[in-house]
Amino acid sequence: MERKPLTLAEKTYMPQIVSGLGITFKNMFRKKVTMEYPEVKPPIPEGYRGQPALVKDPDGREKCVSCQLCEFVCPPKAISIIPGSIPEDSEHANVEKAPEEFDIDMLRCIYCGLCEEVCPEEAIFLQDNYSINGLSREELVFNKEKLYDIGGVREDEHFKWKKKKEAEVSGNPHH
Amino acid sequence: MTQSDWIDLLVKAGLGLTVIFSLMTMAGMSVLAERKVCGFIQGRLGPNRTTLPLIGSIPIIGRAITRLGLFQLLADGIKFLFKEETVPGHVKKFYYNLAPIVVILPSLIAVAVLPFGTYTNAEGVTAPLILANVDIGILVILASSSLGVYGTVLAGWAANSKYPFLGGIRASAQMISYELALGLAIVPVFLWANAPGSDVALGLTGIVSFQESHWFVYLMPFTALLFLITLFAETNRAPFDMAESETDLVGGFHTEYGAFKFGMFFIGEYAHIVFGSALFVVLFLGGFNFLPMLADPWPAGILGAVLSTLWFIIKTAALIFLFIWVRWTLPRFRFDQVMHLGWKILLPLAIVNLVVVMIFLAIITPTAS
């Protein structure tokens, strides 16, 4: 492409330098984009992959049935589960299994979200907390109680096990 | 020596230390200003967190100082002091240690001949505030500030590795090509000031008193521009910071330096900028004179001395701001472009400018006012 030859003023660069200085000067009074982090927190978007935690359903039942799929899929092997059984006299006895121990090593977790994706019971969710810290390695291996503390209760759309129990009672185990 | 001689010597030493201390403080402040202005231009806040336990918790002032980042100076200084001094095994030790000192000295020497204020005593006799009121002021400045580049070259040479070496070579090449234009840009000022009947000679106090009513910056704008451009090159500032262009030379001449020795290069560079700004103020912006075509409002006595010095510092600070502002606006020249600009454009222009000023002065023949 044929370019327009520079004029004498353009060859000295002076007009360009002056206008450039003008731009930077204006920029100085622009609103600052710095976010002063510990005081101002960035907005966390929906679906953010932060700290993983276990959740209970609205009835207070722990949703994890210790199928160990998350333990199996976890790329850095941060999750370790010891399965246990639910006592016969519990109202959730038909679920049969629940984790006895459920540890997530937050130092190993890479926040990939595969555990959440793989969980058939929708029992593990990645929260919006990204700042996980402690003073020792042991402190950062979260056990079951802590994980439930963090996760809390989550709205359930299915009540899978409840419906199953009701279906068994009404004699239609396969819906 | 008699007792009064000793006292005289002590007072002079004290004054000298005061000036050096002020220069160093201003250099430190310009480091901070650089970071702040750079932040502002880029839409950031700059350093605003560093604080001291007691002073920082004074209600309004403490917070203001913290937000301005003034404690950052202290933190950086302490950091430089307490870092481990590593000396790489391959350097030439003597010159390696000498270089930071050589870098920092010239501006400390040259500041001695810089008039920074005026003092009028009760009898109405005015005297400039200056450490050494010599007739060859500008020669002292040219001679000693040219020495500054030896520190850079020494550092590049003593580091004994390729990038610092290239930095040193670039510094010397740039220095040779711009010193000429710099000198030629100063000559018109002294030509004009040394009008028939004046006793300015080559001293700087005469230049300042000559500019009492009119400043050279608008009497000779083109000369001022030439001087400013060469000053940028002389102080190794962007867009001419060839010697340390970190994108192509790692860190340039100070690549192999760390801890306090690096700190000395750093502060030396800023002392150079402060001194360069002050020199521009003296030569073109009327020094401590108030405003062109206005009589100086400085009262007699100490107050006038302080006010005029403050005014001088304000002018210098404005010029330092210009240095910083330009750095964060313009991209760096390529090395061959710097050489092209220096030899083929600035030098001929400086010569033409000198001739034009000479002819102009021959026509109007100014008289000493």
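This report describes a predicted model with chains A and B, beginning with chain A and ending with the helices of chain B.

## Chain A: elements and dimensions

Chain A contains six helices and five strands. Read from the N terminus, its elements follow the order α-α-β-α-β-β-α-β-β-α-α.

The radius of gyration of chain A is 28 Å, whereas a compact globule of 175 residues would have a value near 16 Å. Along the principal axes, the C-alpha atoms of this chain fill a box of roughly 95 × 45 × 30 Å. Of the 175 residues in chain A, 17% are buried. Among contacts in chain A with a separation of 6 or more, 70% are between residues 24 or more positions apart.

## Contact between the chains

Between the two chains, 10 residues of chain A are in contact with 10 residues of chain B. On the side of chain A that touches chain B, four residues are nonpolar, four are polar and two are charged.

## Nonpolar cores

The largest nonpolar core has 92 residues, and those touching the most other members are B:Ile207, B:Phe227, B:Val274, B:Phe280, B:Val282, B:Leu283 and B:Phe284. The element that gives the most to this core is H11(B), with 16 residues.

Beyond its neighbours within four places in sequence, B:Phe227 is in contact with B:Leu182, B:Ala185, B:Ile186, B:Phe280, B:Leu283 and B:Phe284. Another core, of 20 residues, lies apart from the largest one; among its members are A:Ala98, A:Phe102, A:Cys109 and A:Ala123.

## Helix H12 of chain B

Helix H12 of chain B comprises 26 residues, 302–327, and spans 37 Å from its first C-alpha to its last, close to the expected 38 Å. Its buried residues include B:Gly304, B:Trp311, B:Phe312, B:Lys315, B:Leu319, B:Phe323 and B:Arg327.

An α-helix has 3.6 residues a turn, so residues three or four places apart point the same way.

## Helix H13 of chain B

Helix H13 of chain B, residues 335–364, has 30 residues and reaches 41 Å between its first and last C-alpha atoms, close to the 44 Å expected. H13(B) bends by about 35° at B:Leu346, and the proline B:Pro348 follows within four residues. After H13(B) comes B:Thr365, which has a positive phi, near 35°.

In H13(B), the buried residues are B:Val338, B:Leu341, B:Gly342, B:Leu346, B:Ala350 and B:Asn353. Their cover includes helices H6 (162–193) and H9 (221–234) of chain B.

Conventions: Residues are numbered from 1 along each chain as its sequence is written. Chains are lettered from A and ligands numbered from 1 in the order in which they are written. This is a predicted model: local features need pLDDT of at least 70, side-chain atom pairs count only at pLDDT 80 or more; totals for chains, interfaces and linings use all residues. Helices (H or I, at least four residues) and strands (E, at least two) are DSSP runs, numbered from the N terminus. The expected span of a helix is 1.5 Å times one less than its number of residues. A residue is buried if 20 or more other C-beta atoms lie within 10 Å of its own, exposed if 12 or fewer, and partly exposed in between; C-beta atoms are placed from the backbone. Two residues are in contact if their C-beta atoms, placed from the backbone, lie within 7 Å. Ala, Val, Leu, Ile, Met, Phe, Trp, Tyr, Cys and Pro count as nonpolar, Asp, Glu, Lys and Arg as charged, and the others, Gly among them, as polar. A nonpolar core is a set of buried Ala, Val, Leu, Ile, Met, Phe, Trp, Tyr and Cys residues joined through C-beta atoms within 7 Å. The bend at a residue is the angle between axes fitted to the seven residues ending there and the seven starting there. The radius of gyration is taken over C-alpha atoms; the globule rule is 2.2 Å times the number of residues to the power 0.38.
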